[in-house]
Amino acid sequence: MDTTITAIATPSGRGGIGIIRISGIDALGIAIKIFVYPDKTPPRFIKPRHIHYGYIIDKNSKYIDEVLLFYMNGPQSYTAEDVVEIQSHSSPIVLRKILDLILKCGAELAEPGEFTKRAYLNGRIDLTQAEAVIDIINARTSTSLDMAVSQVSGQLKDQLNEIINVLSDDRARIEAIIDFPDDVGDILDQRQMVDRLQTLVYNPLRKLKQNFDDSNIFRDGIKIVIAGPPNSGKSSLLNALLNKEKSIVTPVPGTTRDLIDDLINIEGIPFEITDTAGIQDTQDQVEQLGILRTFDRMKLSDLIILMFDGSQSLNEKEQKSLIDIYNEYRQIKKIVVVENKIDLHSSHGALFNKIKPDIRLSVLEKIGLDELKKKICEAVLDELPENRSSIVPNVRHIQLIESALQLYEQIIDGLKGDRGCELIAIDLNECINCLGEIIGSFVHDDILDRIFHSFCIGK
Amino acid sequence: MGRETMFYYGKMYDVIVVGAGHAGCEAALAAARMGCDVLLMMIDLDKVAAMPCSPSIGGTAKGQLVKEIDALGGEMAKISDMSAIQYKTLNTRKGPAVHSTRTQNDKNKYHKAMKSVLEKQDRLDLKQTLVEQLIVEDGTVKGVVDFTGFAYQGKKVVLTTGTFLSGLIHIGAMRFQAGRAGEFASYGLAESLKTLGFELGRMKTGTPPRLHRKSIDFSRFIKHSSDENPRPFSFSTKEASRLQLPSYIGHTNKRSRQIVIDNLDRSPLYCGTIKGISARYCPSFEDKAVKFPQRESHHVILEPEGVESEEIYASGLGNSMPLDVQIPFVRSVEGLEEAEIIRPAYAIEYDYVNPLQLRPTLETKRISGLYMAGQINGTSGYEEAGAQGIWAGINAASSVQGRPSFILDRSQAYIGVMVDDLVTRGTVEPYRMFTSRAEYRLVMREDNADLRLREIGYELGLVDEDTVREIRDRKTSIDKEIQRIKTTVIRPMEEINTYLCSRGSNAIQNGVHMDQLLKRVELDYGAVESLAKNPEPVDENISRQVEIEIKYEGYIQRQHVEINKFRNLEKIKIPLDFDYGAVHGLSNEIREKLALIKPMSLGQASRMDGITPSAISVLMVSLKKGSGR
């Protein structure tokens, strides 16, 4: 077993802790690549059988989650190989991001029950435990099958089946030309096949890939933009949420002239949160540019925190711009309206007739921050439901789709470059198997059935 | 059979082969050449190695089988060369992996040549008789009894009954018992097998009409001649036969179809008389007419049955109609208006033994020492039969001599693919070899069958010393030449680029290794070699392999990765007496299937129908447990 495998070891669902397990010769190497201690120093070596506290970071040193990491050196581990376990928040998004990272470092996704199987094959588990092990394999298989079934929703499955069908038809065409040249002729219409594959295979696969790429939820967390008039406390809010000084906070309005973003984690869900330049009428060119970017960013966001200082009366222009933003975006974005500085007890309520704040808080006195976090989670969890995951493939799926797309390129190269059809058949078959793996059923070899159904064969 | 006394022939044979068709001949020859005393029994010795259907050997995937039989030391390719009247390499527009040889053969010459080889073979006795019964004691076969009640004793018996097992011929509503037109069927043996507990199934095949040459207007057909410079079929034949006879291609038309459709109620295939399953790739004309109604015309290929024969095999006109329909049907074809039918087309039903009852050696699981090969295992085709014949013959002989079983896996030979398919998945329709059944066809080519299998044939004692030495030398030369091509640099000189452009290839900017140029579709070995500073071209049978290995390199490497994965599972053996009932965690359905098929390895188990990946995991764990780690 020269491969390193990984999987999320805990059942999916919110709340509690999630565990990701890595086993194999590269387990430690991968851990060293993705883990840093709280002071941001990467480990040179991870001491086995100790709990390490720190962060998982991606290759751009972007923080993903706060974790506990546990390294067991082989053969004194469950699988008798080097094993690393990472305990993170249990949010499926966090878990998937970490898993994705590990896969990108070269690990392979474990088959159901593969850890247990390795444990057994490596002689880790003694004979009396054999039957219990089998139960575990069976149990895991059924849960992971259930998971697979629920992950591959009807829509995605139907779409993939259609693509597989196209590929299988083309393979049958090629096999017929190879095996029955007397009956069906021995020339392949490459051009027609290229067109067909482009429309019926490439385009839908590309679209699935695009959905995945576009899905900021899975890649970069949910995007939050804090917007509002200058000096309403946006930067302070960001810092309060981050628990650190990131934006330069001064009482001078307009301090934040550019965008400042960071990843935060609220109840296990990653958010990319952006502090923006305050929206106001200004002659300052730098500040104008900042404001333009604020608008751009709001368009890309999943959620806007529209913030104003409730202790100040807003002038007409300020009021108008806030109301304009609210009206313009509420149809298309989640908006949480936040009134800040309630500690000053001088609520003006200038907007109350037109917009009612969802949350009233004081960043300075840390009043209402928890309510805000809760509100944010509620707002995005409405957005997150199954209907979204149904068209967006998960990490495992997208890996296979990417492989299928690579094979597609080879098939097209082959067809255009007059490569032998026996070679194109190999690529087609591999492409079919990649997509079949997503659906979870092995694609059975019905090529002969297809040939006999479509072509009149025989003397 | 209730006979009071049985008379025994005094001789004790090592191997008895029942049936001298393409399977039986290869089985008997292999066993005798391995040093066994062999008895070959045949209802009519004038029908040894007959070609009751098409007068040709080989074709796509079948050509590979014949080359493999040849490389192992079998006879089929040599006899084909002796009797060939036309050579064709199919799929030459495609890559070498799917090139397949096909010969048209003089049937009579084929039969005579094979019979002569059998007669001259040491340790081989030929007997003309009809076998009616198997002698079995304590689950082990001991010999056979013929229709006169005379018994022959043998340690192993190989059954190659072809279409003779309860054969029943149909021509329209007319039915009669026959193994082939004009030959006895074998009903007693079928009963004997049923009594022993074998599960028999029924299949159907058929053959087109034979027409008189002089009654055909060949001007209405397109002539198809042999390849110009044919390669012989056998690796040991020096030169392909010069005698060349053409075939002729024509077409059926709307009227042909209409005649058949109008009389469909008189076809035993369509009025329910025929129960046997027929092959989809070899349809009766009734099937073509019904299943592809939109097609107005189908190929008719007229193939000579032999040099001295005036009979013409009318491929594509196979049917099971009564003669009063067959005649107008045949005559509806342009050029056949005056055709005289010498032998009518007919359909035949016969019994086969579900091959799931066989081990990968082709020995039955039920009766020790009893082997089966050819159509009795549910296959069709001379080549499929011959390949199983040599396989069963080798295994029967090996077993007598206490040698290990002879099994080629799916990455070694088409024969291995076929046998694995049969014993692992069974078959409901007559099984024919296709290249698409072979997962690793890039590495299992016709052109390298000798490189793949000669050494194995030599170890078995079927290939001589000189031949195997030549193979070893050739392998070394090929490796050396590949190394040379990969390390020789071609520099971007003007005359070289001029030459490349003249061959429609791009000029080179920097020095490149010769293999990089050889990978280009438009350049072959000769072209690339001519660019070397000091060309040292090698022999064609070496350069051809070098060219294929380099041109296919990427894909071949990918196949080798797959093959390694495949072999890892094959390596995990399952003992024959493995108790699936004691395996915790398998469903009852899967348990029963495994107990029935008794796969030899985890790999074979994984290819069975309805086996899940988790069942394989469970088995793997249980096997480790059993191994007493």
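Two strands pair if DSSP finds at least two bridges between them; strands (E, at least two residues) and helices (H or I, at least four) are DSSP runs, numbered from the N terminus. This is a predicted model, in which local features need pLDDT of at least 70, side-chain atom pairs count only at pLDDT 80 or more, and totals for chains, interfaces and linings use all residues. Residues are numbered from 1 along each chain as its sequence is written, chains are lettered from A in the order in which they are written, and side-chain values use heavy atoms, without hydrogens or water.

**Strand β5 of chain B**

- In β5(B), R102(B) is the bridge partner of G58(B).
- Strand β3 (residues 56-58) of chain B runs antiparallel to β5(B) and is joined to it by three bridges.
- Strand β4 (residues 84-90) of chain B is also antiparallel to β5(B), with six bridges, and L90(B) stands opposite S100(B).
- Six of the six residues of β5(B) (residues 100-105) are buried, so the strand is largely enclosed by the rest of the structure; buried means under 20% relative accessible area, exposed over 50%, and partly exposed in between (1.4 Å probe, protein chains only).
- In a regular strand the side chains alternate between the two faces of the sheet.
- Here S100(B), R102(B) and Q104(B) are buried on one side, and T101(B), T103(B) and N105(B) are buried on the other.

- Helix α11(B) (residues 449-460) has 12 residues and spans 16 Å from its first C-alpha to its last, close to the 16 Å expected, where the expected span is 1.5 Å times one less than the number of residues.
- Because 10 of its 12 residues are buried, α11(B) is largely enclosed by the rest of the structure.
- Its buried residues, including L451(B), L453(B) and I456(B), pack against α2 (62-72), α9 (382-400), α12 (465-487) and α16 (540-551) of chain B.
- G461(B) follows α11(B) and has a positive phi, near 95°.
- A396(B) lies in helix α9 of chain B and is buried at 0% relative accessibility.
- Not counting residues up to four places away in sequence, A396(B) touches V15(B), K156(B), V158(B) and Y371(B); contact means heavy atoms within 4.5 Å.

- E85(A) and R21(A) form a salt bridge, with their closest N and O atoms 2.8 Å apart.
- E85(A) is in strand β6 (residues 83-89) and R21(A) in strand β2 (residues 17-23) of chain A, 64 residues apart.
- R280(B) forms a salt bridge with E429(B), also with closest N and O atoms 2.8 Å apart.
- R280(B) lies in the loop between α6 (254-262) and α7 (285-291) and E429(B) in the loop between α10 and α11 of chain B, so the pair ties together parts 149 residues apart in sequence.
- R280(B) is partly exposed at 34% relative accessible area, whereas E429(B) is buried at 13%.
- A network of salt bridges links R410(B), D420(B), D421(B), E439(B), E570(B) and R607(B).
- R432(B), in the loop between α10 (414-425) and α11 of chain B, is buried yet has no salt bridge, and the nearest side chain of opposite charge, E384(B), is 4.8 Å away; Lys and Arg count as positive and Asp and Glu as negative, while His and the chain ends are not counted.
- Leaving aside neighbours within four places in sequence, the contacts of R432(B) include D179(A) and F180(A).

Notes:
A salt bridge is a side-chain nitrogen of Lys or Arg within 4 Å of a carboxyl oxygen of Asp or Glu.
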